[in-house]
Each structure stands twice: as C-alpha cells, then as structure tokens.
Amino acid sequence: MLDPEGIRINIGDESGGEPAIAYNGTHFFVVWETMDGVDGVRVRPDGTVVGPVFRLIQSGETFGPVSIACSEKLCMVTFSVEGTDESVIYFTRVSKDGVVLAEVDRSLSPGLNFTGEASIAWNNSRKEFLVVWADTRGGGEALTDIYGNRVTEGGTILGGNGFPIAPWPSPSTRPISSWARG
C-alpha cells in the first residue's frame with residue numbers, strides 16, 4: 001500500500017460522496033457529488049492533490065452516480081439533473097488543467113422521462129466518448145431501457161437524444177461502458 005493513511009481528495013470545505021475517477025495520461029481526475037452539485041480535483045500519480053477544487057455544476061438537483069472519462073486533452077463528466085417530472089443526463093468537459101469548459105447544449109437525453117446511472121468511456125481511435133444510461137422512455141420506471149450517445153472531444157453530440165442499446169421488453173439498469181485498446 002503506497003498511502004496507508006489515505007489521501008484526502010475533497011480539499012474544500014464541503015463533504016462529498018460517490019466519487020468517480022479517470023486518468024488522462026498525466027493526472028487522475030476525481031469527481032464527486034456534493035449537496036450543491038458536482039465538484040472535482042486533479043491528483044498527480046504520486047498522490048499529490050492539485051488544487052483548487054473545481055465546480056462542474058452548481059445545482060441542488062443533481063444526483064449520481066457521476067461518471068468520468070478522459071482523453072489526453074480533456075475529461076468529460078456525466079451527471080443527472082432531476083426535476084419533479086423528469087431527469088436528464090447532462091455532460092460537461094474539463095481541460096487537462098482543471099478548467100471547466102463552457103458548454104452550450106449539454107443534454108444527452110430527452111426530457112419528459114426519467115434517466116440515470118450514466119457511464120462514460122473514451123475511444124481514442126475514433127476520438128469520441130460513449131455515454132450509456134438507464135432510460136424510461138419505453139414505458140415507465142418498471143420498463144427501463146439502456147440508451148447511449150456519442151460525443152466528440154470537441155463536445156458535439158452525435159446521436160441526437162440517444163439511441164437504444166438494450167430496449168424493452170426486459171427492464172435493464174446500471175449500464176457500464178468501457179474501452180480497451182484493440
């Protein structure tokens with residue numbers, strides 16, 4: 001064990017939960033939920049936390065889990081924003097220096113249904129991210145399907161409101177996306 005005492009990641013004043021982690025080739029990026037949104041920080045391979053904490057979204061309506069994947073240039077983070085009658089999968093991007101990039105349209109899923117449990121992976125050969133999530137657009141919470149969407153490194157959404165991966169008739173939840181070098 002390299003760090004028997006552990007490493008305190010959330011170096012701010014706010015407590016956090018449900019962290020996610022990815023590596024961009026030089027730093028680990030750790031993101032987590034807070035009471036007011038989603039925060040993150042970079043960590044060097046030697047365990048040194050590189051501050052300050054960056055705020056990805058400030059909203060009391062976010063819920064997890066958050067998910068992150070990185071290219072060499074930037075990381076993309078997904079999260080859900082929940083309202084009274086819907087929840088929507090959103091993303092934001094963070095530069096390799098820990099700067100949150102301004103996004104114009106960050107929604108990956110349509111409104112007027114419930115979504116959640118997003119997972120994201122980076123495909124280096126195609127230079128795009130794949131996001132997958134549970135989605136109730138097929139007929140209610142008991143009939144959850146798995147949908148996905150592709151996003152370029154530049155932030156362009158390639159699949160509109162997403163495409164079905166595992167549609168009804170059997171409920172599906174907790175999708176996981178991954179990429180392996182071929």
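Predicted model: local features only at pLDDT ≥ 70, side-chain atom pairs only at ≥ 80, totals over all residues.
**Before starting**

Residues are numbered from 1 along each chain as its sequence is written. Local features need pLDDT of at least 70 and side-chain atom pairs count only at pLDDT 80 or more, while totals for chains, interfaces and linings use all residues; side-chain values use heavy atoms, with hydrogens and water left out.

**Stop 1: the whole chain**

Show the chain as a cartoon. It has zero helices and eleven strands. Here helices (H or I, at least four residues) and strands (E, at least two) are DSSP runs, numbered from the N terminus. Of the 182 residues, 47% are buried. Buried means under 20% relative accessible area, exposed means over 50%, and partly exposed lies in between (1.4 Å probe, protein chains only). Take the contacts, meaning heavy atoms within 4.5 Å, between residues at least 6 apart in sequence: 43% of them join residues at least 24 apart.

**Stop 2: the disulfide**

Select Cys70 and Cys75. A disulfide (a pair of cysteine sulfur atoms within 2.5 Å) joins Cys70 to Cys75, with 1.9 Å from S to S. The structure holds one disulfide. The torsion about the S-S bond of Cys70 and Cys75 is about 95 degrees, so the disulfide is right-handed. Are these cysteines buried or exposed? Cys70 is buried at 10% relative accessible area, and Cys75 is buried at 0%.

**Stop 3: aromatic pairs**

Rings of Phe, Tyr and Trp (its six-membered ring) pair if their centres lie within 6.5 Å; planes under 30 degrees apart count as stacked, over 60 as edge-to-face and the rest as tilted. The count by this rule is four aromatic pairs. Select Tyr23 and Phe28, one of these pairs: the rings are tilted, 4.7 Å centre to centre, with 45 degrees between the planes. Tyr23 is partly exposed at 40% relative accessibility, and Phe28 is partly exposed at 30%.

Next, select Phe79 and Tyr90. Their ring centres are 6.3 Å apart and their planes are at 15 degrees, so the pair is stacked. Phe79 belongs to strand β6 (residues 74–82) and Tyr90 to strand β7 (residues 87–95), eleven residues apart, and the pair links distant parts of the chain. Phe79 is buried, at 1% relative accessible area, whereas Tyr90 is partly exposed, at 24%.

**Stop 4: two nonpolar cores**

A nonpolar core is a set of buried Ala, Val, Leu, Ile, Met, Phe, Trp, Tyr and Cys residues joined through side-chain atoms within 4.5 Å. Select Phe29, Val31, Val38, Leu56, Ile68 and Phe79: these have the most contacts inside the largest core, which has 16 residues. Strands β1 (17–23), β2 (28–34), β4 (49–58), β5 (62–70) and β6 each supply at least two residues of this core. The largest share, four residues, comes from β6. A second, separate core has 14 residues, including Phe91, Ile120, Val131 and Val151.

**Stop 5: the open sheet**

Select β8, β9, β10 and β11. These four strands form an open sheet in the order β8-β9-β10-β11, with antiparallel pairing. Two strands pair if DSSP finds at least two bridges between them. Which strands stand at the edges? They are β8 (115–123) and β11 (163–166); each has a single partner strand, so one side of each is left without a neighbour in the sheet.

Finish with β10 (residues 145–152) and β11, which pair in the antiparallel sense over three bridges. Select Ile146 and look for its bridge partner in β11, Ala166.
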